[in-house]
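The following exercises are meant to be worked through with the coordinates open, and each task is followed by a solution in steps.

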Amino acid sequence: MCIRDRYNMSENPQVSLCISNSTGGAANVWMLLSKHIEDTTVENTDFVALHWSKSRQGRRVYFPNDTDPEKGNGYRGVYINTPHHLVRMDVPEGDSRVTLIASQSRRKSDLNITVQAWSTARFVMTPLPLTPRYSTAVTSSWAPDTSGVYSERSPKFSLRLSKKTRCVFKLLAQPKVATAIALTGGSGLFEESGAYRFGMSVLELEVEAGAYTVAVSTYANLAEACPFHLVVETDACNAQLRGQV
């Protein structure tokens, strides 16, 4: 159900919840995560939780801090091994968009689930697809002399797009390595994924057709080689991602 939840939530089952509250006050939303238990004679060791996030406006959540309740943009459920996990949320009047994230602690095997919702306001529930329409990837590694913050020596890859498309760049590395992505191209384009993140970095944006360069970097200078996996997901066309330039 989930892979490396501590750093990466992008592969968790997720649902978009769009709520239209015209009740004149706060509306209640109840969300239920249910496990499909096939053998009741076996000890139930699958601990699951249901999180939610407002920060992504109903889009796919990539990072656990988007569910941080201290930031006021989400909720983290408690992992329990009961068949059902119930969560309540209050939403203000107007339109709200929330992402629900199912999570499994200490994953031992595949687990089928159902997510349901009830509310005192009108709402629409939509599963978020895990697999993008188009995806391409490359695997490589940083050497000690190519690691460190973004510079001319950072590993670089050529990217070509045949039409304007939404792009999601995902850089996966070892959890102990903090990474970042930079995209450069014509007309002075320079976009970065933001702060260096451990385990995974993401850059999401609309990109015009054309040729670009994707650079990947680490916050620290590495003492030994470290592998990474760069994924480019697109909606409108298949991206051409070439080896290092």
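**Exercise 1.** How many salt bridges does a search of the whole structure find?

Solution. The structure is a predicted model, and the search over the whole of it finds six salt bridges. One of them joins arginine 56 to glutamate 204, with the closest N and O atoms 2.7 Å apart. This pair links distant parts of the chain, since arginine 56 sits in the loop between strand E3 (47-53) and strand E4 (74-75) while glutamate 204 belongs to strand E15, 148 residues apart. The relative accessible area of arginine 56 is 11%, so under the 20% limit this residue is buried, whereas glutamate 204, at 23%, counts as partly exposed.

**Exercise 2.** Describe the salt bridge between arginine 166 and aspartate 235, and state which network contains these two residues.

Solution. Begin with the distance: the closest N and O atoms of arginine 166 and aspartate 235 are 3.6 Å apart. Then place the partners: arginine 166 lies in strand E11 and aspartate 235 in the loop between E17 and strand E18 (240-244), so the pair ties together parts that are 69 residues apart in sequence. Both ends are partly exposed, arginine 166 with a relative accessible area of 28% and aspartate 235 with 34%. Finally, Arg56, Arg166, Glu204 and Asp235 are linked in a network of salt bridges.

**Exercise 3.** Is strand E11 largely enclosed or largely open, and which strands are joined to it by bridges?

Solution. First consider burial: eight of the nine residues of strand E11 (residues 165-173) are buried, so this strand is largely enclosed by the rest of the structure. Next consider pairing: eight bridges join E11 to strand E15 (residues 200-207), and the two run antiparallel, with phenylalanine 169 standing opposite leucine 203 of E15. Seven bridges join E11 to strand E17 (residues 226-234), again in an antiparallel arrangement, and there the bridge partner of lysine 170 is valine 231. The side chain of lysine 170 also meets that of glutamate 233 in a salt bridge, at 3.2 Å from N to O, which links E11 to E17 across 63 residues of the chain.

**Exercise 4.** Which residues make the nonpolar surface patch of about 330 Å², and is leucine 86 buried or exposed?

Solution. The patch of about 330 Å² is made by Trp30, Leu86 and Trp118. Leucine 86 has its place in strand E5 (residues 84-91). With the limit for exposed residues set at over 50%, the 51% relative accessibility of leucine 86 means that this residue counts as exposed.

Note on methods. Residues are numbered from 1 along each chain as its sequence is written. This is a predicted model: local features need pLDDT of at least 70, side-chain atom pairs count only at pLDDT 80 or more; totals for chains, interfaces and linings use all residues. Side-chain values use heavy atoms; hydrogens and water are left out. Buried means under 20% relative accessible area, exposed over 50%, partly exposed in between (1.4 Å probe, protein chains only). Helices (H or I, at least four residues) and strands (E, at least two) are DSSP runs, numbered from the N terminus. Two strands pair if DSSP finds at least two bridges between them. Patches are made of residues with over 30% relative accessible area and no salt bridge: like charges are joined within 9 Å, nonpolar side chains (Val, Leu, Ile, Met, Phe, Trp, Tyr) within 5 Å. Accessible areas come from the Shrake-Rupley method with a 1.4 Å probe; for residues, only the protein chains shown count as cover. A salt bridge is a side-chain nitrogen of Lys or Arg within 4 Å of a carboxyl oxygen of Asp or Glu.
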